[in-house]
Each structure stands twice: as structure tokens, then as C-alpha cells.
Amino acid sequence: MFSKRSITLKAVTILALTLASQNNAQTIEIGDQTTSVEESGMTLQEAQDAMDPIRLIEAYLVDKEGPRNARGGWGTRDSNTYRVGEQIDAVIYLANVGKHNPGQPDNPQEMELSINIRDKAGNIVYQAPLAHTFRGVRRLDDPLQDDYFSDRFTVSARVSDVGEYDVGFVFLDRTRPAEKRVALEVKLDVAIVAAEATETLTDLTQMMMNDGMDQSYLLRRCAAYFRSQIEFYGPDGFSEEDFAIIDSKVRYFIHGDAVINAAAQGITMDAALDDTFAAMKDISSAYLDRMARNYTAGQHPWAEDTMLRRDEAACTVIFDGRSAQ
């Protein structure tokens, strides 16, 4: 059985920002028939009120660390298997998505997201009603996009129990009239396996006391530590001030490692950053695995772990000292 603490969720919206087609007509669906606002003779508000409830176009698991797709978004993940504590990311593409004040510069969404996680017998083992509300504002092109009423959303979850599950993301569009306000559940199958870290973590303070420690590894290790904190709880798991501090540390250490390696290897910064992220992957996984084990045992992910506290203290000293120079 899941506890409310066993899964952390974060959700943000990614808006489809594509140019209008040559007919410059906003596509809508009414009675399962596709038409355009121009052909219907309706205003955008009238079209939104009349169009069908939200409908799934596609849903897929994504790899945020892999190559981008042709649209510039995250690429599809090759597997639906995740380690305990590993973040699960997915993109959900919906049609017939409404906005407040459609067609105006101030046109926010009000899309509510709830979460249902079921075992393979169909039993709900975890439920998060109203986990998030998307309020993104759609950028307006001139002429207005033909896919104005379609949007992409990205959602994330983290599971700390081994097993096979259906992760259900439930969308409810509060901008639609009551008769068109239908909850849509999008289910994705995932398998959670025991964590097997490929990177063995050694107390960073002890490593720093040894002669000849590689500076690049130190920077990557510190970047991976703070990045793992963000990945474990998600941005919404911290106050705005605390998140900004942790995020600045991640950026500082990543940038520092990339600068050093770009100069040492004679490569571009983009190539150096790619190397840094690739090298951090196993380190981040090892930190996340350790945090997940602590969490499952009823402890804080890192605050009660002596080695993790020492790692954070060492990296914070480096950050404070270098940023003050």
C-alpha cells in the first residue's frame, strides 16, 4: 500500500507553440466532426463553448536527458521500467483545451490534474485529488495558431515501491461549460524495480582529504547532489527561496565543470555541457537511490543521513567560497 509520502509529484505545462497553417483557421471539434472557427462563423468564445470535451491526442513517457525530438521537445523514452525513486516523466497532448478569454493576451488555462495509481488488479493504491492546476498562458501568434485549442502538458511522478502499476493522470478543464467539463483519465503502464546504483558513493569529505582528487569529479558530484534534491521532491517541494538557492548551486557546479573541460579538451561549451550531464547521470542515480531508501525507512531523504549531510556541507563551503571571490 502506498502512503501519501511514497510518491512525489510535480507538474508543469508545456504549450504547443507552432505557426498557423496557410488557411489561418483555428481547428475545433464539434460532434466528433473537425471544422474551423472561420467555417463555423462563431467567435473564439462561442467556438470554445460549443466544441467537444477534452480528448487525448497522444501520451508518451519521455527522457529529459536524451536527445530532443524534431519539435524541440523531450524525446520518447525507450522503456517503461524505472528504478525505485526514479522520476517518471510523461507528456500528455490534449485537444479541445479551453482558456479564459480565448484569443486575448490574458488567456490562462485552468486545467486541474488529479492522480490515480492502480495495481494490476485495478485497485487504487494511491490517489492525489487536485495534485496541480495548470494556469499557463498561451502565446498568441499573428495570425492565431490553427492548433490554438490543443496543448501539451508534462507530468511527473516518483514511486518508492517495487511493482507494476497504471499511473492515471486525470484532467478536468474548468474553463469549459458544465456540460462539456468531463474528467479525462490518461493511463500509462510503468514497472518499478529495485534500485541498483551503478555509482558507489564514497564520503566526499574523505575524498577531498586525499591528494589528487579530480576537480571535475568534485564539481559533478556537487552538481549531482543538489540536482538530486530537486528531482526527489520537484520544484513544488521547496519554498520559492529555497528552490532558487538549490537551483543556483546546481547551475554553478555544472557551469564550472563545463568551462574547465571545454578549455582542457578544446571543445565547445555545448559539447562540454553534454559531457557533464552524461557523467552526472550515474552519480545522480546513486544519490536518488540512497534518498529513496532513507525515505522508505521513514527518514528524511537526506537530513538524517550522515554522509549526505557531510556532502552537502562540503559542497556548500565550495559554493560559498567560490561565489564570494
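A helix here is a DSSP run of H or I at least four residues long, numbered from the N terminus. The model on screen is predicted.

**Stop 1: helix H6.** Select residues 269–296, which form H6, a helix of 28 residues. From its first C-alpha to its last, H6 reaches 39 Å, close to the 40 Å expected at 1.5 Å a residue. Next, pick Lys 281: H6 has a kink of about 35° centred on this residue. Then go past the end of the helix to Gly 298, which follows H6 and has a positive phi, near 90°.

**Stop 2: H5 against H6.** The crossing is right-handed. To see the contact, show the side of H5 that includes Ile 254, Asp 257 and Ala 258, and on H6 residues including Met 269, Leu 273 and Phe 277. The residues of this contact divide into nine nonpolar, three polar and two charged.

**Stop 3: H4 against H6.** Now select residues 215–233, helix H4. H4 packs on H6 at an angle of about 50°, with the axes 8 Å apart, so H4 is oblique to H6. H4 also passes H6 in a right-handed crossing. Among the H4 residues in the contact are Tyr 217, Arg 221, Tyr 225 and Phe 232; the H6 residues include Ile 283, Tyr 287, Met 291 and Tyr 295. Here the division is 15 nonpolar, four polar and five charged.

While both H6 contacts are on screen, colour Asp 275, Thr 276, Phe 277 and Met 280. These H6 residues meet H5, and they are also in the contact with H4.

**Stop 4: H4 against H5.** How do the axes of H4 and H5 cross? They come within 8 Å and cross at roughly 155°, so H4 runs roughly antiparallel to H5. H4 passes H5 in a left-handed crossing. On H4, show residues including Leu 219, Cys 222, Phe 226 and Ile 230; on H5, Phe 243, Ile 246, Val 250 and Phe 253 are among the partners. Eleven nonpolar, five polar and five charged residues make up this contact.

Definitions and conventions:
Residues numbered from 1 in each chain as written. Predicted model: local features only at pLDDT ≥ 70, side-chain atom pairs only at ≥ 80, totals over all residues. Heavy atoms only, no water. Helix = DSSP H or I, 4+ residues; strand = E, 2+ residues; numbered from the N terminus. Expected span 1.5 Å × (residues − 1). Bend = angle between axes of the 7 residues up to and from the residue. Left-handed = near helix turned anticlockwise from the far one by under 90°. Contact = heavy atoms within 4.5 Å. Nonpolar A, V, L, I, M, F, W, Y, C, P; charged D, E, K, R; others polar. Axes fitted to C-alpha atoms, helices over the stretch in contact; angles between N-to-C directions. Parallel < 35°, antiparallel > 145°, perpendicular 65-115°, else oblique.
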